[in-house]
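Subject: Structure handover

Hello,

Here is the structure I said I would pass on. My notes on it follow below.

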Amino acid sequence: MNKMPILFSWALKFTFGCLILATAWVTWDNWGRFSFQFDTPQTEASDTPTPHTLAQGEYLVRISGCMACHTSNGGEPLAGGRRIDTPFGPVFSSNLTPSRTHGIGAWTLADFQTALRWGRSRDGHLLLPAFPYNHTSVFTPTDVQAMFAWLQSTKPVDVARPTHQLTWPVGTQPVIAVWRSLYFSPTPFKSNEQQSDVWNRGAYLVQSAGHCAACHGQRNALGSFPAVDDLSGGFLPSQMWVAPSLLNPTQTTLARSSDKDIAQLLRAGQNTSASVSGPMAEFVQHVGQHLSVADSLAIATYLKSRIEPSNHNAKIHSAALASSTPAAQTIYANHCATCHGDNGEGKAGRYPSLAGNPAVVLAQPDNLIQMALYGGYGPSTHDRPRPYGMPPYLFTLNNQQIADVLNHIRSQWGNQAPAISPVQVDRARAAAY
Amino acid sequence: MDMSERVKPCEACHGNQGRAGPDGYYPRLAGKPAGYLYNQMENFSQGRRRYTMMRRMMEPLSPEYQREMANHFAGLHVPYAPPSAPAANISSAQMQRGRQLAMEGDASRKLPACTSCHGTQLMGYTSHIPSLLGLPAAYLGAQLSAWKQGERSTVAPDCMAEIAKRLSPDDATAVTAWLATQPVPMTVSLAKVTTAPADLRCGSAPDLHKGQP
């Protein structure tokens, strides 16, 4: 007769015990470990950094996107305040200038190392994972020291970071702590002795500075950090762009491009078979074009080695395949053919081909819809300072017409991809950012 | 030749050769002063003017390329559409008031005449101040209210924002109605303005107050 209450009380005790253990673990994981100085910095700041260290630091700050993310549009370099939209609300980047009041002027090298390695600020508070500290934990101590030295040599700007606008309780310290215990542990770079120095340099850059997995890796609904080398493809919900899988040879032109072509795409924003748009265009504008030729080639070497040829070829689409209509052909002839050609062949160096273009036939059509609605220019870069652009069709064509013409290009010239519905176009229109 | 292909995306909204879009909200670019056009590109990409489409278009481009595009449109001299007929709901008293505001201003409300900065012909001044003619009333009105509400701004000190705030809704209606019905003069001189207002400074047009403290 007493069985139920006994069971109940046992379950209650068990649950309670688990909660205590979990709380203890989260507390140790996020705060306790820092009471012990086991993670002391391996390098100490020298009094005067060499010009070489400073140059290296500036280069790393640039190619890691620190500069891009920590500079607001039209604002002082590195003074923060750039708005970053997340699925949980907008957040604002912090001030990285050596301002003693609002920046990192009062920080020591050890403080900076802890921030990059552990995502923990000087005063002990846990940093929001909009700062990709899984990737910054990959940096070598020498690189971290160089970045710190250069940042400290820049002009201090006394400007405070605007308040984050996250939906409560997201962004509170206990929530960040639990999230971190679930999804974060530092992953310092481990080189692969089986591979060449060039390959290892590429792997290091992709996992640290490049933080490619931040977009090209998979996150769960809680916005988990992907593994730093996860390149299996992701989705950017705030911008509604797909970051294609870099492993799957059908989703990008990586597999059929030479290392040189890949390096050119990263630095110039365009090569003979591909051009960048959307968030990848932002990457090239702020980061890619500043990569050294050697580093961009190293990244290409590493990325090519990650392609998994056999796994993806026979993927069968469950959705209905796109097909064309006479109306769609007319729209194509009137609005698209002048630049992209009657047979989707494009114009070399100006407009991408649509025939056989992996971006056109991605099963998830978001990028194609974004291009048709908003058009736009690729990035101005050193190697391609005056890009050609595409007109927006947001006002010229309605949802049905855009779906029709996209289904046309997804079903011609050997292209084959799932059909796009007007509802999908409408969703992208409604979510304009 | 080559530039006209590079600016094809602009023409989707701003019309063939930048002669204005069909619905009145996408203004003419052709023949506007290059400095003014460039300032607007910067204002859109840096958030002082808010329009998602323009921000997305301009953000990836270098300042050098933007300037080249501005020069391209500034150098295009294509015909203007005839001015719109006065709207039926605008009285002749309102038109009179509009003309007065544009040509003389209203000292009692601290409103300088439009001609004091936008040129004696209202066709703009040097390279940073745009013409006010050849634009529909809907566009002019939308700009004034955007300025008033902070949706449109420029580098400080923002003289036009100050004037828009001083302008009552009735006066805004009157002056935009009058401006929209004026014909564009056949020959245009961008060199003359009446006296620039002494109590205002314009960050977007540093040449306006040349020689003044």
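The model is predicted. I begin with a helix pair in chain A: the axes of helix H2 (residues 51-63) of chain A and helix H6 (residues 141-152) of chain A cross at roughly 95° and come within 7 Å. Angles of 65 to 115 degrees count as roughly perpendicular, and H2(A) and H6(A) are therefore roughly perpendicular to each other. On the H2(A) side the contact is made by Thr53(A), Leu54(A), Gln56(A), Gly57(A), Glu58(A), Leu60(A) and Val61(A). H6(A) brings Asp143(A), Ala146(A), Met147(A), Ala149(A), Trp150(A) and Leu151(A). Sorted by class, this contact has eight nonpolar, three polar and two charged residues.

Domains of chain A

The domain assignment of chain A gives domain 1 (39-183), domain 2 (197-306) and domain 3 (326-430). Between the C-alpha centres of domain 1 of chain A and domain 2 of chain A there are 22 Å. Their contact takes 18 residues from domain 1 of chain A and 16 residues from domain 2 of chain A. On the domain 1 side, the elements that give two or more residues are H2, helix H3 (66-69), S1, H5 and helix H7 (173-183) of chain A. H2(A) gives the most to that side, with three residues. By class, this side of domain 1 of chain A has eleven nonpolar, five polar and two charged residues.

S1 of chain A also belongs to a hairpin: S1(A) and S2(A) have two residues between them. Strand S1 covers residues 83-86 of chain A and strand S2 residues 89-92 of chain A, and the two pair in the antiparallel sense over four bridges. Asp85(A) has Pro90(A) as its bridge partner in S2(A).

Buried residues in chain A

In helix H8 (residues 197-207) of chain A, the buried residues are Gly202(A), Ala203(A), Tyr204(A), Leu205(A), Val206(A) and Gln207(A). Helix H5 (133-136) and helix H12 (293-306) of chain A are included in what covers them.

Cys215(A) lies in helix H9 (residues 213-216) of chain A. Is Cys215(A) buried or exposed? The threshold for buried is 20 or more other C-beta atoms within 10 Å; Cys215(A) has 21 C-beta neighbours inside 10 Å, so Cys215(A) counts as buried. Leaving out residues up to four places away in sequence, Cys215(A) touches Gly234(A), Leu236(A), Ala243(A) and Pro279(A). Val157(A) is 58 residues from Cys215(A) along the chain, and their C-alpha atoms are separated by 30 Å.

Chain B is divided into domain 1 (2-74) and domain 2 (92-198), with C-alpha centres 21 Å apart. The contact between these domains takes 14 residues from domain 1 of chain B and 18 residues from domain 2 of chain B. The domain 1 side has five nonpolar, four polar and five charged residues.

Between the chains, 18 residues of chain B are in contact with 21 residues of chain A. The elements of chain B that give two or more residues to its side are helix H1 (2-6), helix H2 (8-14), helix H4 (52-58) and helix H5 (63-74). That side of chain B has eight nonpolar, five polar and five charged residues.

Ser4(B) is found in helix H1 of chain B. With 12 other C-beta atoms within 10 Å, Ser4(B) is exposed. Ser4(B) and Leu29(B) are 25 residues apart in sequence, and 13 Å apart in space, C-alpha to C-alpha.

Regards

Notes: Residues numbered from 1 in each chain as written. Chains lettered and ligands numbered in written order. Predicted model: local features only at pLDDT ≥ 70, side-chain atom pairs only at ≥ 80, totals over all residues. Pairing = 2+ DSSP bridges. Domains from an automatic or database assignment. Contact = placed C-beta atoms within 7 Å. Nonpolar A, V, L, I, M, F, W, Y, C, P; charged D, E, K, R; others polar. Axes fitted to C-alpha atoms, helices over the stretch in contact; angles between N-to-C directions. Parallel < 35°, antiparallel > 145°, perpendicular 65-115°, else oblique.
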